[in-house]
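Biologist: Please take a close look at one part of this model for me. Pick a packing site, and tell me what touches what.

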Amino acid sequence: MSEKRSDTYYYNLVRTNIRKYRLEKNFTQARLADEADLSVDYICEIESMKKNKSFSIATVGKIAEALDVDIKNFFE
């Protein structure tokens with residue numbers, strides 16, 4: 001049986017991929033916030049590895065749509 005991973009592992013995986021795709025699209029955090037209808041502060045918190053801020057799958061979906069990325073890519 002495979003080793004179970006913590007919640008933090010999955011949140012950090014998504015955080016890392018959101019940042020990666022945002023930079024690939026040449027989006028600033030402000031532009032992503034605007035496109036996803038979220039606040040810049042919230043995007044900063046989501047991308048920050050220092051804060052243990054959780055976020056919903058709906059938020060991840062909004063970000064995926066704004067970046068024109070399949071949501072599953074955030075979990076790979």
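Modeller: Two axes count as roughly perpendicular at 65 to 115 degrees; under 35 they are roughly parallel, over 145 roughly antiparallel, and the rest are oblique. The model is predicted, so local features need pLDDT of at least 70 and side-chain atom pairs 80 or more, while totals for chains, interfaces and linings use all residues. Numbering starts from 1 along each chain as its sequence is written, and side-chain values use heavy atoms, without hydrogens or water.

Let us look at helix α2. Helices here are DSSP runs (H or I, at least four residues), numbered from the N terminus. Helix α2 spans residues 29–36 and packs on helix α3, residues 40–47. The angle is about 110°, and the axes are 8 Å apart. Each axis is a line fitted to C-alpha atoms over the stretch in contact, with angles from 0 to 180 degrees between N-to-C directions. Helices α2 and α3 are therefore roughly perpendicular.

Now the residues. From α2 come Gln29, Ala30, Leu32 and Ala33. They meet Val40, Ile43, Cys44 and Glu47 of α3. Contact means heavy atoms within 4.5 Å. By class, this contact has six nonpolar residues, one polar and one charged.

Helix α2 also packs on α4. Their axes come within 8 Å and cross at roughly 110°. That makes α2 roughly perpendicular to α4. On the α2 side, the contact uses Leu32, Glu35 and Ala36. On the α4 side, Lys62, Ile63, Ala66 and Leu67 take part. The class count is five nonpolar, no polar and two charged residues.

Buried means under 20%, exposed over 50%, and partly exposed in between (1.4 Å probe, protein chains only). The Ser48 side chain reaches the backbone nitrogen of Lys50 at 3.1 Å.

One last stop is helix α1, residues 7–24, which holds Tyr9. Tyr9 is partly exposed, with 34% relative accessibility. Tyr9 and Met49 are 40 residues apart in sequence, and their C-alpha atoms lie 11 Å apart in space.

How values were computed. Helix = DSSP H or I, 4+ residues; strand = E, 2+ residues; numbered from the N terminus. Nonpolar A, V, L, I, M, F, W, Y, C, P; charged D, E, K, R; others polar. Polar contact = N/O pair within 3.5 Å; in protein donor to acceptor, adjacent residues only side chain to side chain.
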